[in-house]
Amino acid sequence: MLDVGRHPNIELMAYSEVEEVSGDIGRFSVKVRKKARFVDEDKCTGCGACAEKCPTQVPDAFNEGFAKRSAIYSWFAQGIPSTHTIDPEHCRQLQGKKCGVCKKVCQADAVDYEQKDKVVDLEVGAIVVATGYDVFDPSLIPEYRYQEIDNVITAIELERLLSASGPTGGHLYRPSDFKAKEAVPQLEKSLKKLTKTLERFEKKFQKDSAQFYESFTSGKKDDDPDKVKWAETYEQKKEVSEKLSQYKAMVEKMDVAKRLAFIQCVGSRDIRFYPFCSGYCCMHSIKEAIIANEHEPETTSVIFGMDIRAVGKGFEEYKIRGADHSSISYVRARVAEINELPDKSPVVVYEDTLERRVKEDPFDLVILATACVPNKGTQELAQILGVELDRFGFFKTSQANPVDTTRPGIFVCGCAENPMDIPESVAQASAAAARAAQVMVEKEMKKAS
Ligand SMILES: Cc1cc2nc3c(=O)[nH]c(=O)nc-3n(C[C@H](O)[C@H](O)[C@H](O)COP(=O)(O)OP(=O)(O)OC[C@H]3O[C@@H](n4cnc5c(N)ncnc54)[C@H](O)[C@@H]3O)c2cc1C
Ligand code: SF4
Ligand code: SF4
């Protein structure tokens, strides 16, 4: 990526969107909206002083919501250009409230709250679409209880948890545990506030709160607003105390997840959703299980799948290495449902099709290998480009010309065309670039003749 940023023949237009395409092969006119960052890319040094001081914190989408970021932020550390961007939906200043902190701390004078979108016109001979994919939303499979059970996560979420620069510094803590850890200070604060309110009532009525609550709830109905409030506060305090003790116990026992279950084909090879194989997920589950074992050698993983599709040079050997050296077991099964134990451990219910038995096994963490699906903006982009999509919503190509879209001069590569892994995407990108170059060469030859 750094090479692309430095290449004299490549102009990067990050944080930009194609809005209009007209013309024909060899002479397309393209309108690109360069969105306002509210930071001058040329002045910003990426020092991060603004993000450090920004008072607004929101869930960090790059870290799958497991961490927070400021309203002025960089999408990820190695991004090109190395610049910060203000998120206008959350920035206090841009929402019309008083702030201006980032502008004050920026020594490069890069912050510009008045910056506007720019529309740039380009003349190009050919276009290559490389807009990638989205992952399937596993909450569409209710039996897997994603977002209901904290310790059922997706493979992308696991990638962030295993990353040394991720929200847990690469330690595979369970979301239920670190959510509890984060909640403790807030609960302690609430408890303090509720205790103070109860003390005020105790002083006023010269009675202990527990005694008052017992008589209030067992005696005749009393509508005195102060007493109603006192009883409500007492109940709230009880609830918060119980939650706080439960969370403190969880934090005390907090340890990295050591029993992992990977569930394959979540949304893929499933006629209710996408009948195709997403191609790369068997291998990324094996990779993630191997990395988890490298981080913590006691970690064991079970990969549940109809079969493991290790299709590629050295892939089968990698799969076997996972079993022999990284404590991975492969179970041929379609998982039926996931339940949860009181200690927040997910339980996988499945039919072991080789033993022909229904089984239930508890784990620390369950990871869903979600299908590769068309990017959310694909339909709109296809309309702008005037190209067709296939029946699943990926850019349509033909088997004879796998990088040619239905419009001459517009090519496609990577997961925008079809699910594929990185080496395949790179190979296809080279093919698409070669096809685009061919258009330009033919144009030059025509001009010369
Ligand atoms: C959990 C997980 C782990 C994986 N691990 C591996 C692995 O270890 N090895 C491997 O080979 N593969 C792995 N893969 C697969 C890999 O992610 C894909 O093969 C690869 O990302 C495809 O590259 P791409 O360039 O086609 O798409 P993407 O990587 O999705 O890139 C597309 C880019 O286009 C941008 N974009 C989208 N729409 C627009 C628009 N309208 N205008 C401008 N920009 C736009 C997106 O923001 C994105 O930056 C993994 C996948 C998952 C889900
Ligand atoms: S905007 Fe200013 S303070 Fe923020 S990263 Fe860029 S140079 Fe640093
Ligand atoms: S690669 Fe594996 S997990 Fe992914 S869809 Fe194909 S068989 Fe299922």
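Predicted model: local features only at pLDDT ≥ 70, side-chain atom pairs only at ≥ 80, totals over all residues.
**Entry: ligand 3**

I listed the residues around ligand 3: Q264, C265, S268, R269, C277, S278, G279, C281, C282, G305, R309 and A369. I then checked secondary structure and noted that β11 and α8 each supply at least two residues of this shell. R269, one of the residues around ligand 3, sits in the loop between β11 and α8. I looked up its backbone and read a phi near 50 degrees, a positive value in a residue other than glycine. Most residues other than glycine have a negative phi. I also counted 19 other C-beta atoms within 10 Å of R269. The cut-off for buried is 20 or more, so R269 is partly exposed.

**Entry: ligand 1**

I counted 23 residues around ligand 1, and T131, G132, G414, D421 and I422 come nearest. The elements that each supply at least two residues of this shell are β9 (133-135), α4 (155-162), α8 (281-295) and α11 (422-448). α8 was already in my notes for the shell around ligand 3. By class, I recorded twelve nonpolar, seven polar and four charged residues around ligand 1.

Why does ligand 1 lie between domain 2 and domain 4? Domain 2 (135-174 + 257-373) and domain 4 (375-448) both give residues to its shell, so ligand 1 lies between them.

**Entry: ligand 2**

I found 14 residues around ligand 2, with C44, C47, C50, C106 and A108 nearest.

**Entry: nonpolar cores**

Which residues touch the most other members of the largest nonpolar core? I got F304, V366 and L368, in a core of 65 residues. Strand β11 (residues 259-266) gives the most to this core, with six residues. I checked the domains as well: domain 2 and domain 4 both give residues to the core, so it lies between them.

I took L368 for a list of its contacts. Leaving out residues up to four places away in sequence, L368 touches P138, Y144, Y146, V152, T154, A155, I263 and V266. There is also a second, separate core of 13 residues, and among its members I noted F38, C50, I72 and I86. C50 is also one of the residues that come nearest to ligand 2.

**Entry: the β14 and β15 hairpin**

I looked at strand β14 (residues 346-352), which is joined to β15 by six bridges, the two running antiparallel. E351 stands opposite V358 in β15. The two strands form a hairpin with four residues between them, and R356 in the turn has a positive phi of about 55 degrees.

Is strand β15 largely in the open or buried? I found that zero of the six residues of β15 (residues 357-362) are buried, so the strand lies largely in the open.

Most peptide bonds are trans. I noted a cis peptide bond from I80 to P81, with omega near -5 degrees. P81 is found in the loop between β5 (72-73) and β6 (85-86).

I also flagged Y15, where phi is near 55 degrees, a positive value in a residue other than glycine. Y15 is in the loop between α1 (2-6) and β1 (16-24). I counted 17 C-beta neighbours inside 10 Å, so Y15 is classed as partly exposed.

**Entry: whole protein**

I recorded four stretches as domains: domain 1 (36-116), domain 2 (135-174 + 257-373), domain 3 (176-253) and domain 4 (375-448). Taken over C-alpha atoms, the centres of domain 1 and domain 4 are separated by 34 Å. Along the principal axes, the C-alpha atoms fill a box of roughly 105 × 65 × 40 Å.

I counted eleven helices and 18 strands. Of the 449 residues, 29% count as buried. Last, I looked up contact range: of the contacts with a separation of 6 or more, 63% come from residues 24 or more positions apart.

Methods:
Residues numbered from 1 in each chain as written. Chains lettered and ligands numbered in written order. Near = placed C-beta within 6 Å. Nonpolar A, V, L, I, M, F, W, Y, C, P; charged D, E, K, R; others polar. Domains from an automatic or database assignment. Core = buried A, V, L, I, M, F, W, Y, C linked by C-beta atoms within 7 Å. Buried ≥ 20, exposed ≤ 12 C-beta atoms within 10 Å, placed from the backbone. Contact = placed C-beta atoms within 7 Å. Pairing = 2+ DSSP bridges.
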